[in-house]
There are 2 protein chains.
Amino acid sequence: MPMQPIKFYYDVLNQSSRALYILLEASKIPFEPVQISLLKGEHLTGEYRDKVTRFKRIPAINDHGFQLSESVAIFRHLVREKIVPEHWYPRKNLGRSRIDEYLEWRQRNLGVASTDYFQQKWLVPYLQKTRANENSVNGAAKQLERNLNDFENLFLQSNKFIIGDTISYADLLAICEVDQPKYIGYNPFIKRNKLSKWYDAVREELGPFYKDVSGEFESKLRTAEKGHNEVISMKQ
Amino acid sequence: MPMQPIKFYYDVLNQSSRALYILLEASKIPFEPVQISLLKGEHLTGEYRDKVTRFKRIPAINDHGFQLSESVAIFRHLVREKIVPEHWYPRKNLGRSRIDEYLEWRQRNLGVASTDYFQQKWLVPYLQKTRANENSVNGAAKQLERNLNDFENLFLQSNKFIIGDTISYADLLAICEVDQPKYIGYNPFIKRNKLSKWYDAVREELGPFYKDVSGEFESKLRTAEKGHNEVISMKQ
């Protein structure tokens, strides 16, 4: 039986979707990408909600009838069930334990902060057809500051990448997380030299896989912003 | 070389500490328990902060010089490096993927809600030697309601346990999470028959391991409350 592709439901506006997209491409795992538009609320309704995932979230996969949500659970599923190059989740020197430590930490910290900032500054105003609420953005920015500092202090002290000399899934997910505020005008690198150096190293290592997906992210942002600005200016 | 025990740093007041303690005992993994008192702030200072974990959190382990934080990362480490009975994280029927899905979900949902409720209702008043702030407790209670409903609707629909007929680490962590509000007077079972049935099944399956650790949790809570009530009544 020939290997059937995984169905991969995603939106490049979402950081975890971008990370998994890059992992699937870089690992040469056959997959069928299915775009689910966050801006149109397609993750909340219709066939996606009824037949793909009860979680009303992206990303999700359907692997030959097996439906799975939660991006890090999908990452682990791919590692077990498909062929993913070892360096993304290396056994050597207990690398997997170190990566797991980061993946848990980020769920409560950098992941929350980058999502909140993106929502307050960009997504909520877009969906509500208003300007961003300054207080909410400032609150989210403060939380983001703290989390970027913690990320740099806890994970980027001595090595080129998070767990050592080679790039892993921790770096891939982290750069997509940092990009969430970065691509909408926030500069994460001020007074953070180690973060800046790490970011460049990850971007270089990921090469065209990262460049393509980030380009798509950027283009989708700019198109939506254009429409949004027109709506706002008509209101005035 | 005889197998040296893992050093396990924990406090029974913390849900993830209890879950790992029970897993270590039930799996017969040799370990040396080291109590770190949350109420005395021992996780924030001294040798623990300087030499055990830079995260200032419990639980943590030291496995022959390898230090690791984040309870779910520790769980995964034990599964890989020690002998943990298969049913806690079964390969069969893609059980590991289903458990991973729950473990990711809980980090943003039930885990946050049960911790927040415990903090607002119990821990913050204890540390600040005041009464609980009613508004904060009500806010945390509403968040908890939503999350318990979601937990029941998303994960407890058809099976005895979260992933099927056998207990897994998802159930163990979840019961410890539900206990966090339950042991300080919150009734999670009102209008939640499936949650109630699941809770009884998990408790029965865990037997004395659960009973012992929960008894210690309860006794520590009641002792601290006694001291707290004396402080409060002296203030009046």
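Between chain A and chain B, 18 residue pairs are in polar contact, counting pairs with both residues at pLDDT 80 or more. A polar contact here is a pair of N or O atoms within 3.5 Å; within protein, one must be able to donate a hydrogen and the other to accept it, and residues adjacent in sequence count only if both atoms are side-chain atoms. The model is a predicted one, so local features need pLDDT of at least 70 and side-chain atom pairs count only at pLDDT 80 or more, while totals for chains, interfaces and linings use all residues. Residues are numbered from 1 along each chain as its sequence is written, chains are lettered from A and ligands numbered from 1 in the order in which they are written, and side-chain values use heavy atoms, with hydrogens and water left out.

Helices (H or I, at least four residues) and strands (E, at least two) are DSSP runs, numbered from the N terminus. H4(A) brings the largest share, nine residues. Sorted by type, this side of chain A holds ten nonpolar, five polar and twelve charged residues. In that sorting, Ala, Val, Leu, Ile, Met, Phe, Trp, Tyr, Cys and Pro are nonpolar, Asp, Glu, Lys and Arg are charged, and the others, Gly among them, are polar.

In terms of contact (heavy atoms within 4.5 Å), 27 residues of chain A meet 27 residues of chain B. The two chains bury about 2900 Å² between them, 51% of it on carbon and sulfur atoms.

Side chains of opposite charge can pair when their charged atoms come close. A salt bridge is taken as a side-chain nitrogen of Lys or Arg within 4 Å of a carboxyl oxygen of Asp or Glu. That rule gives 26 salt bridges over all chains, and four across the interface of chain A and chain B. One links Arg108(A) to Glu70(B), at 2.9 Å from N to O. Another joins Asp100(B) and Arg80(A), with the closest N and O atoms 3.0 Å apart. This pair crosses between chains, running from helix H4 of chain B to helix H3 of chain A.

A few backbone details also turn up. The peptide bond from Ile58(A) to Pro59(A) is cis, with omega near -5°, and Pro59(A) sits in the loop between helix H2 (46-52) and strand S3 (60-63) of chain A. In chain B, a cis peptide bond joins Ile58(B) and Pro59(B), with omega about -5°. Lys28(A) is not a glycine, yet has a positive phi of about 55°; this residue is in the loop between helix H1 (15-26) and strand S2 (31-35) of chain A.

Notes. Buried area = accessible area lost by both parts, 1.4 Å probe.
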